[in-house]
Amino acid sequence: MIASIVRDAFKKAIADGKLPACDIPDVKVEYPKEQKFGDYSTPIALESSKILRRSPMDTGAVLKDYIEKSEIISEVEVARPGFINVFLSFDHIYGNMHSILSDPENCGRSVKDRPRRINVEFVSANPTGPLVIVSARAAALGDALANLIEMSGDIVEREFYVNDYGNQVDLFGKSVLARMREIQGKPFVFPEDGYQGEYVRDIARKILDECGPELDAITGEVDLITAVAQKAIDHNIATQQRDMHEFNVDFKTWFRERKLHENGDVMAALDFLAQRNVIYEQDGKKVFSSTAYGDDKDRVVVRDDGRPTYLLADIAYHLDKIKRGYDLILDIWGPDHHGYIARLSGAMTAMGHGGDSFRVLIAQQVNLIMEGEAVKMSKRLGKFSTMRDLIDEIGVDVARYFFTMRSMDSHLDFDLALAKKESSENPVFYLQYAHARICSLFREAEKRGVTYDPSKCRKEYLDNPEGIALMKLMLKFNEEIVDAAQACEPHRMCSYLMKLAQSFHRFYTDHRFLSDDREQTNSYLTLADAVKAVMKQGLRIVGVSAPERM
RNA sequence: GUGCCAGUAGCUCAGUUGGACAGAGCAACGGCCUUCUAAGCCGUGGGUCAGGGGUUCGAAUCCCUUCUGGCAUGCCA
């Protein structure tokens, strides 16, 4: 918004001959850290000094006159090296507060003329075991990002890719079958590198209870393994779906890899690539020339025995997504897959869906810390190693906030003892408290018989530093959402909410909401009402509840 | 060996695509409740932005290099 005002000012200045004609550079708009530098600031005059061959201060002075003509701006300043600082008018920020209240449920939502359709795939954990902590992080980040994209005016679909096919699945089936026989007291051989966890026994027990006779009817060992694997996988997927739902993450699609193999899509993807001349044959294998797209080496997609590799199935999966016509395909992967980006994005480019229309984000690893020591969460399942344990221990709100509050490419040390022990010092509660406090204000107001009518709000009462700070923050809500969605950085929403809560608590201590002055009380309540709406919306985006009392 | 991520206050981390004196939370210390929720507010201390070069009006941010930690480097998924 500010950017376009500045750009227009630039254009007009050129048209009037006040500035030499030139290509207008991109207008960058910043939010100065200090209030004295304005609400927005642009270094455009500094950056264009070379092109224009004018001093930044002169350019700034010229632009100032043009920018000042906008209604939403109260003042424009040109500061020393050549920054143009813009101050918003009080009426503008005050008016924005009222538009929030006119439709609180939709505050922060932007509407686009041509919304993009975006697919966000995340978590996609193997169905061979329970969800672990890093899945929880991916879930929190992916869902928050999807919420942000939605709020920024695009259409989003959440998707979970289920790898229910291949060697790992067979191995899992063999492991469960072995445990079933063990339980029955029959002779059994536990597969080498099989799945060790105690949960395998639990699943074996469950399958025996529920499908014993059905499985007894199967005679061939291979068929039996396949059948057991499918039962076990289905069981795990059901568990994962339940866990995700409890984590407030609901996927539109749980996409089964097996389907791709069964209906021939995997081999069709090979043909599709072959038509684009990026497949060659070597020693009876089919190889994708991914080095042409910056990969370290070419990748085998079909083995010499004719079986496709995982990569080919993944390519087929992404081809399926391409065919569904998304404008943008977003994948969030775990840290152990970053070496995989080059080959898949190479395939995407080969299939005509590269560049800006495909993006892989890596959710970095999480180290669970207990009493200063990292908890190992590999084979043997110790306590707190699963997502389930985590939710049971610290709750959904705290978990979702903690996983979202950091940028996704930073490794996260998650101190469980701290998250639990100091739960009252938790940033999550700080935010929720702000919301609950406002709800409490309205309860108290009602008890005292105060009539609240936002249309009778008087702006003079909010024309103070604390009120202005709050209203300005609320004005920024939309931009913050759009920026965070664009950058794929959901953690920004957490910082924003922190500032909003801080600002509210400040106002609360400095101003008495419920007083004998009825006009003032009504005006203050109007402000609180708007803050409540924004806070609730922001918390919803992050996936945290907004309690009415604490 | 090569690639990716990270290295910022005692701890966990932000730092808005190169901007103005480097920030927040927690921890520490000192203040603030007869009145709307003190799960709050105010203040103080705390830094060689891992080290070294470079690019320019300007660098925590970009380039080169060294060091440290983690991950990856399968025709597993």
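Me: Which residues come nearest to RNA strand B?
Reply: This is a predicted model, in which local features need pLDDT of at least 70, side-chain atom pairs count only at pLDDT 80 or more, and totals for chains, interfaces and linings use all residues. Residues are numbered from 1 along each chain as its sequence is written, chains are lettered from A and ligands numbered from 1 in the order in which they are written, and side-chain values use heavy atoms, leaving out hydrogens and water. A residue is near the strand if one of its heavy atoms lies within 4 Å of it. Of the 66 residues around RNA strand B, the nearest are E34, K285, R406, Y433 and R437.

Me: Which element gives the most to the surface near RNA strand B?
Reply: Elements are DSSP runs numbered from the N terminus: helices (H or I, at least four residues) and strands (E, at least two). With nine residues, the element that gives the most to this surface is α17.

Me: How are helix α1 and helix α4 oriented to each other?
Reply: Axes are lines fitted to C-alpha atoms, for helices over the stretch in contact (heavy atoms within 4.5 Å), and angles run from 0 to 180 degrees between N-to-C directions. The axes of α1 (residues 2-15) and α4 (residues 56-67) come within 9 Å and cross at roughly 110°. Angles under 35 degrees count as roughly parallel, over 145 as roughly antiparallel, 65 to 115 as roughly perpendicular and the rest as oblique. Therefore α1 and α4 are roughly perpendicular.

Me: Which residues of α4 does α1 meet?
Reply: The α1 side consists of I5, V6, A9, F10, K12 and A13. In α4 they meet V62, L63, Y66 and I67.
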